[in-house]
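Thanks for coming, everyone. Let me put the structure up, and then I'll walk through how a few of its pieces pack.

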Amino acid sequence: MKPRTKLQRQVIAYSQSLHNIDREMLEWAKRDCLDHKGFATKTRVICMDCGQRFSSDLVSRKRAVCPHCGAKLKIEGTRKRNDKQSMYIAMAEICGEFQVIRNFELIAYYKDGKEPRYFIWEIMQHWIKEDGTREIVARSYNMGCTAWCGDLEIRKKEMRGYYNYGYKDVCQDKFHPESVFKSKYMRYGIDHNLQGISFLQAINTLPYSPKTETLLKAKQYALLGYSNGHSGEIGKYWPSIKICLRNKYKIKDASMWFDYLQLLERYHKDLRNAHYVCPKNLKKAHDLYVAKKKRDDEKERRERDMQRLLELKEVAQKYIEEKSKFFDLKLSDGKIIVVPLKNIEEFKQEGDIMHHCVFTNEYFKKKDSLILSARIGKKHIETVEVNLKTWQVVQSRGVCNENTEYHNRIIGLVKKNIGLIRKKVAS
Ligand SMILES: [Zn+2]
């Protein structure tokens, strides 16, 4: 976009006068931002920092110093031989009356036997005037291939959809330690340690959110990052957060800590007691409660099943009490035999064989129904329901509720013997 306003022309002129600091940013990032990894198997370690190999004897407690380049490595047990790391790093400067935030994209490619390749470029600058008006100088972001492209030029400040806070921005992983911020921002607690939220997000939130300011001043960056999109949880557990602040307890993994708090809540623990909310080893405390919850959930499930079984036991008993007088019925026309279902197991079996809902819909609970099974030899043909009040055949259904060729014959047989069934009720 060509600069159109006076402010945009001023910003572009300033922007073009900025020093290229790619090299300084990269040197710092190599030292302090990128992870130094060693990929180890049982016999060898590959130093990702220089691509050279050395013996795994040099590894102690997942750490090692590379004998070739001197890098202090974190050792990962893996057969992987390549790696890629990417991040956003930033530098804050003051230029004229502007606070400038310069964001860089850094990608590092690592390969067994090769020196790493680094790629760094400046992708976005925020220019913020004393009165809060601002402009953005950036490359364009191609959502399709999730990559930056084009030149650094004046861009539209707003972006719909992609970033939930509505303005075009990136969140830096780290600010360069030589970053310079205006004192009005430093008063809020903003300095080069700012993490979790971007500078723009910070200055847009801080004037309206005392909680954000409190978290920032306490350097609770994990909570700060988490607060974006979880303000409800921050509000709900604020008393517990205050306990942490008072005890200078730094929360490093915010989502695990909130998860842990919910577990404490379930077990009615005091959420204002430092003993609970500031565990020395969060992961250990968290996992302990997770295991406890798993055990309790399992116990509850077993109790529920047992309850269901007891319920069915009662129902089964009742069914036999109600319907046993029909059990010796055996209606036959020489080929087809129609007999009552004698217990709940038989309902289940009938439902399974016939693929209909005689068991699922608990027909055994229907007081005024008699359920019969029509068979030829061992083969189940249809299931018949007789209403014990009206003495009507309510339905007779074959496999998957289809009628069979014997349908009318079965109904006729049952109707013919209705008197026999009525006699059982009277007896
Ligand atoms: Zn090395």
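A crossing is called left-handed if the near helix is turned anticlockwise from the far one by less than a right angle, and right-handed if clockwise. What you see is a predicted model, where local features need pLDDT of at least 70, side-chain atom pairs count only at pLDDT 80 or more, and totals for chains, interfaces and linings use all residues. Residues are numbered from 1 along each chain as its sequence is written, and side-chain values use heavy atoms, with hydrogens and water left out.

Helices here are DSSP runs of H or I with at least four residues, strands are E runs of at least two, and both are numbered from the N terminus.

Let's start with helix pairs. Two packed helices are described by the angle between their axes and the distance between the axes. The axes are lines fitted to C-alpha atoms, for helices over the stretch in contact, and angles run from 0 to 180 degrees between N-to-C directions.

Take helix 5, residues 210-217, and helix 8, residues 238-246. They pack at about 25 degrees, with axes 11 Å apart. That makes helix 5 roughly parallel to helix 8. The cut-offs: under 35 degrees is roughly parallel, over 145 roughly antiparallel, 65 to 115 roughly perpendicular, and the rest oblique. This crossing of helix 5 and helix 8 is left-handed. Who touches whom? Helix 5 brings Lys211, Thr214 and Leu215, and helix 8 brings Trp238, Ile241 and Leu245. By class, that contact has four nonpolar residues, one polar and one charged. Contact means heavy atoms within 4.5 Å. For the classes, Ala, Val, Leu, Ile, Met, Phe, Trp, Tyr, Cys and Pro are nonpolar, Asp, Glu, Lys and Arg are charged, and the others, Gly among them, are polar.

Now helix 8 again, with helix 9, residues 254-266. Their axes come within 12 Å and cross at roughly 120 degrees. Helix 8 and helix 9 are therefore oblique to each other. Their crossing is right-handed. Ser240, Ile241 and Cys244 of helix 8 meet Trp257, Phe258 and Leu261 of helix 9. That contact of helix 8 with helix 9 splits into five nonpolar, one polar and no charged residues.

Next, buried faces. Buried means under 20% relative accessible area, exposed over 50%, and partly exposed in between, using a 1.4 Å probe and protein chains only.

The arc is that of the directions from the helix axis to the C-beta atoms.

Helix 2, residues 22-32, buries Asp22, Met25, Leu26, Trp28 and Ala29. Their arc is only 170 degrees, which puts them on the same side of helix 2. The face turned away from that side carries exposed Arg23 and Arg31. The buried residues of helix 2 pack against strands 6, 7, 8 and 11.

Arg134 sits in strand 9 and is buried, at 14% relative accessibility. Arg295 is in helix 11 and is exposed, at 55%. Ala274 lies in helix 10 and is partly exposed, at 25%. Beyond its neighbours within four places in sequence, Ala274 contacts Ile243 and Asn247.
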